[in-house]
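Me: I have a structure that is new to me, and I would like to learn how to read its features one at a time. Could you take me through it slowly?

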Amino acid sequence: MKPDTPKSAAGLAIGLGLLLLGGIIFYDASQMQIPPTYARVGPQVFPYFIAVGLAVVGAYFAWNSWAPAARREIVAEGFATDWRALLIIGAGLLIHLNILKPLGFVIAGVFLFMCVAFAFGSRSFLRDGIVAITLVVASYIGFTHGLGLQLPAGILAGLL
């Protein structure tokens with residue numbers, strides 16, 4: 001490696017942080033007390049997938065940050081940050097957290113989806129609403145009825 005090849009300390013820190021987070025999640029999932037009523041797929045499967053995914057992404061970030069410039073992935077720099085979009089998404093997340101229990105997962109999820117779509121520049125509100133409702137209701141049904149997790153139904157408790 002050439003001595004003048006710039007290295008990304010921030011990229012290395014992010015990569016190592018993701019590796020550490022993946023290791024913590026993997027360890028925590030391995031310590032779960034699983035009742036014998038679960039067959040092959042229990043509540044540990046998803047945390048294991050997430051832990052492995054974080055570790056792979058973290059290892060790639062760390063490698064890419066310290067690889068020679070010829071092998072490094074080219075990242076476009078010099079683009080301005082879209083602070084307006086970041087503010088809309090951040091506000092959507094804060095509102096989502098505050099309306100999740102009283103209004104329910106479905107309404108809060110649709111609201112958050114619409115905020116993110118708007119922040120990314122979409123102005124097709126009908127299409128975005130249909131996609132949001134479809135994805136959020138499918139997620140709600142999958143988690144509550146398929147996996148047995150209790151997501152807040154909110155004001156739609158009688159309909160879901």
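Me: Is A62 buried or exposed?

Reply: Before the case itself, a word on the source: this is a predicted model, in which local features need pLDDT of at least 70 and side-chain atom pairs count only at pLDDT 80 or more, while totals for chains, interfaces and linings use all residues. Residues are numbered from 1 along each chain as its sequence is written, and side-chain values use heavy atoms, with hydrogens and water left out. The general idea is that buried means under 20% relative accessible area, exposed means over 50%, and partly exposed lies in between, using a 1.4 Å probe and protein chains only. A62 has a relative accessible area of 13%, and therefore it is buried.

Me: Where does A62 sit, and which residues is A62 in contact with, leaving aside its neighbours within four places in sequence?

Reply: Helices here are DSSP runs of H or I with at least four residues, strands are runs of E with at least two, and both are numbered from the N terminus. By that scheme A62 belongs to helix α2. Contact means heavy atoms within 4.5 Å, and, once neighbours within four places in sequence are set aside, A62 is in contact with G11, L12 and G15. The C-alpha atoms of A62 and G11 are 6.3 Å apart in space, although the two residues are 51 residues apart in sequence.

Me: How many helices and strands does the chain have?

Reply: The chain has 5 helices and 0 strands, which read along the sequence as α-α-α-α-α. Buried residues make up 24% of its 160 residues. Of the contacts between residues at least 6 apart in sequence, 59% join residues at least 24 apart.

Me: Which residues make up the largest nonpolar core?

Reply: A nonpolar core is a set of buried Ala, Val, Leu, Ile, Met, Phe, Trp, Tyr and Cys residues joined through side-chain atoms within 4.5 Å. In this chain the largest such core has 6 residues, namely V106, V110, A132, V136, Y140 and A153. Two or more residues come from each of α4 (105–119) and α5 (125–146), and α5 gives the most, with 3 residues. To follow one member, V110 touches A132, I133 and V136, not counting residues up to four places away in sequence.

Me: Which residue forms a salt bridge with D128?

Reply: A salt bridge is a side-chain nitrogen of Lys or Arg within 4 Å of a carboxyl oxygen of Asp or Glu, and the count by this rule comes to 1. D128 forms its salt bridge with R127, and the closest N and O atoms are 3.3 Å apart. D128 counts as buried because its relative accessibility is 6%, while R127 is partly exposed at 48%.

Me: What joins the side chains of S122 and D128?

Reply: A polar contact is a pair of N or O atoms within 3.5 Å; within protein, one must be able to donate a hydrogen and the other to accept it, and residues adjacent in sequence count only if both atoms are side-chain atoms. The side chains of S122 and D128 are joined by a polar contact of 2.6 Å. S122 lies in the loop between α4 and α5, whereas D128 is found in helix α5. S122 counts as buried because its relative accessibility is 14%.
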